[in-house]
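Please examine the sequence and the structure before reading the points below.

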Amino acid sequence: MAFVGLDRCARLVRFKQAPIALLRTLVLFALLQATGIGPALAATTCAGINAGAFNVGGADFQADTPVTLTAGDVIKLNYTFVVDTTFFHGIELGVGGHYADGSGVVSGTLQVTVAVTGTQTFSWRSLSEGLPSRIDVAVTCAAAPSPIPAPGPVVTSTNPASGPIAGQQTTIVIGQHLSGATSVKFGGVNVLGFTVLSATQISVVTPPHAAGAVDVTVTTPLGSATGTAIYRYAAMPDPTADPTVKAMVDFQVHTVQVMGQQQIDNVQDRLIELHNDDVPLVSNRASFAQMPASQRQYGLPADLADNTISAPDMAQARKKTKDRQAVPLPPGSDPSLRYWTAGALLFGRDTTYADARYNVSSTGMTAGVDTRLARNLKAGVAVGFGIDRATIGSDGSHINANVWSTQAYASYRVAPHWSVDAVLGYAVGSLGNYRYDASAQSFGSGHRGANDLFGSLSVSREIKLDRWKIAPYARLDLQWIRLDGYVETGAGIYNLAFNQTSAVDLAGVLGTRFNHVTDTSAGTLRSSLELAYRRSFSGAYTQAVAYSFDPTTIYGMFGSAEKRGHALIGLGLELQVNRSVSLGIQLDELIAQNARSERGRAHLKIGF
């Protein structure tokens with residue numbers, strides 16, 4: 001009886017639930033009929049989406065629909081579940097193969113960012129398993145933001161911020177976003193070359209430009225930028241204000257004058273020897289001196305040979321007349337040639353330019369041959385060679401000079417004890433100039449040709465008193481000096497171009513030589529004192545100079561071939577060992593305006 005009762009109860013329950021199941025089935029059928037699951041929409045765009053193309057109420061999904069989107073567009077789906085058959089509010093959004101899922105809330109937002117530009121698919125669906133849900137959906141599209149353009153170039157400064165009008169200076173342009181620069185201009189003129197060092201620096205070689213401040217413009221693919229008045233072109237420095245340049249030119253003129261004067265002095269030494277009637281067949285003279293370059297042996301050299309009596313009988317040569325004067329030898333008539341050499345080594349220092357003092361070493365050598373042409377006339381010819389080197393200042397600037405010369409000379413005895421001597425010569429040479437330029441930090445060098453036409457005319461009188469001989473003299477020296485133009489190389493924009501220049505140097509000398517003879521056991525000792533003054537009456541020069549890149553801008557320099565006045569005080573000793581050999585030494589004090597120096601000379605004379 002118990003089992004029968006339970007079965008009845010089960011049938012009663014199933015009977016009561018049957019209407020509920022039927023009702024649920026009817027409701028789901030109605031939902032299926034009411035849910036929007038129509039065909040996919042035509043392709044649309046972000047603008048179409050925002051216009052509501054995908055907005056729908058009570059739908060369960062949106063089939064794959066083509067859309068044309070741009071990478072970076074953001075698709076947002078705002079949803080609200082009206083009927084949920086997923087039991088967890090599951091929903092999925094897909095755009096171009098990228099998905100976003102949502103669950104756990106009745107309403108919410110799903111978002112997908114478009115990865116690529118172009119046509120792709122759009123869809124959404126509920127995550128129910130066969131039974132549709134009803135969902136209200138609103139879809140929006142946030143267009144990808146427009147790309148931010150890369151910043152254009154910025155020009156802020158230059159380093160260095162100034163340079164010469166000649167350009168050719170390496171300068172760094174400083175700024176920002178300078179990569180890829182295609183052009184750089186200074187004052188509207190393209191630079192001579194440039195290299196992009198980084199996004200903030202460009203190395204450029206400046207172009208020539210007039211003096212003044214200029215704008216600097218840099219152009220890149222992203223635009224152009226200009227730094228206003230950030231670079232200044234400065235006028236080139238006045239080369240005549242550079243003491244090294246002034247000293248170089250001054251010494252160039254002066255060294256030609258000095259080397260010509262050396263030849264005059266060497267020949268004048270020989271002419272004094274020719275005042276004697278008995279001259280050795282061969283005479284060799286050499287002297288060594290220290291003196292400033294601007295004060296080379298002015299005035300007649302000390303007479304080291306004109307008291308030498310070389311008659312066959314030395315005793316007879318020293319016989320005295322009643323007035324105690326030496327008996328002159330009768331003039332000879334031997335027309336034989338006489339050969340001679342002379343030379344001097346000079347070295348010293350010139351401090352005319354405080355910032356460009358120069359040290360000088362100079363060698364002048366002469367060789368000649370002469371003969372008697374008439375009773376009172378002797379003449380000859382000679383050739384000479386000189387080497388001169390000067391270092392200027394302390395920066396390595398220097399000049400190397402060499403000169404070759406030829407000269408003719410004559411001595412004429414116009415009356416007893418009176419002689420007239422003349423010299424005429426011509427010299428050519430080359431000066432190698434090496435000037436250090438601090439702005440270029442290099443040497444500007446060049447060779448300069450030189451020419452010198454020189455002459456000398458002197459008159460002397462010999463007065464003999466016992467063992468004394470006094471010889472006053474007057475001399476006139478004339479030199480016409482010409483220096484060729486030349487252009488330096490090696491100093492870049494600071495190379496200088498020097499025009500041809502010339503100077504006519506006329507100087508007069510007044511002096512007196514005092515000689516005393518003493519017999520010693522070693523030979524005849526001759527002591528001497530010389531007093532002389534030299535006065536230059538001309539010798540001015542004008543040197544035009546310009547920068548080689550700008551020959552139209554001329555600068556002028558002025559100077560003189562030698563100092564205006566010189567005084568000479570000389571003391572000497574000579575030992576005549578025998579007829580053919582003599583040894584001598586002489587010390588001179590040279591005094592000029594703002595200059596004073598000492599000179600020492602020694603000589604060995606050998607006759608054959």
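Two strands pair if DSSP finds at least two bridges between them. Helices (H or I, at least four residues) and strands (E, at least two residues) are DSSP runs, numbered from the N terminus. This is a predicted model, in which local features need pLDDT of at least 70 and side-chain atom pairs count only at pLDDT 80 or more, while totals for chains, interfaces and linings use all residues. Residues are numbered from 1 along each chain as its sequence is written, and side-chain values use heavy atoms, with hydrogens and water left out.

- Five strands form an open sheet with mixed pairing, in the order 1-3-8-5-6.
- At the edges of this sheet are strand 1 (44-45) and strand 6 (98-102), each of which pairs on one side only.
- Strand 1 runs parallel to strand 3 (residues 61-69), and two bridges connect them.
- Within this pairing, threonine 44 stands opposite valine 67 in strand 3, and threonine 45 stands opposite threonine 68 in strand 3.
- Strand 3 also pairs with strand 8, here in the antiparallel sense, over seven bridges.
- Phenylalanine 61 has arginine 125 in strand 8 as its bridge partner.

- Seven bridges join strand 4 (residues 74-83) to strand 7 in the antiparallel sense.
- Leucine 77 stands opposite leucine 110 in strand 7.
- In a regular strand, side chains alternate between the two faces of the sheet.

**Pairings of strand 16**

- Strand 16 (residues 201-205) runs antiparallel to strand 12, and five bridges join them.
- Threonine 170 has valine 205 in strand 16 as its bridge partner.
- Strand 16 is also antiparallel to strand 15 (residues 193-196), to which four bridges join it.
- The bridge partner of threonine 195 is serine 203 in strand 16.
- Strand 15 and strand 16 are joined by a hairpin of four residues.

**Aromatic pairs**

- Rings of Phe, Tyr and Trp (its six-membered ring) pair if their centres lie within 6.5 Å; planes under 30 degrees apart count as stacked, over 60 as edge-to-face and the rest as tilted.
- In the whole structure, a search finds 10 aromatic pairs.
- One of them is the stacked pair of phenylalanine 54 and phenylalanine 122, at 4.2 Å centre to centre with 15° between the planes.
- Phenylalanine 54 lies in the loop between helix 2 (46-50) and strand 2 (56-59), and phenylalanine 122 lies in strand 8 (residues 118-126), so the pair ties together parts that are 68 residues apart in sequence.
- Phenylalanine 54 is buried, with a relative accessible area of 2%; buried means under 20% relative accessible area, exposed over 50%, and partly exposed in between (1.4 Å probe, protein chains only).
- Phenylalanine 122 is likewise buried, with a relative accessible area of 1%.
- Tryptophan 340 and tyrosine 409 form an edge-to-face pair, at 6.0 Å centre to centre with 75° between the planes.
- This pair links distant parts of the chain, 69 residues apart: tryptophan 340 in strand 21 (residues 338-350) and tyrosine 409 in strand 24 (residues 397-415).
- Tryptophan 340 is buried at a relative accessible area of 3%, and tyrosine 409 counts as buried at 3% relative accessibility.
- Phe186, Tyr231 and Tyr233 are linked into a cluster by ring pairs.

- Most residues other than glycine have a negative phi, and most peptide bonds are trans.
- Asparagine 159 and proline 160 are joined by a cis peptide bond, with omega about 0°.
- Proline 160 is found in the loop between strand 10 (154-159) and strand 11 (162-164).
- Glutamine 168, although not a glycine, has a positive phi of about 60°, and this glutamine is found in the loop between strand 11 and strand 12 (170-176).
- Alanine 229 has a positive phi near 50° and is found in strand 18 (residues 223-234).
- With a relative accessible area of 46%, alanine 229 is partly exposed.
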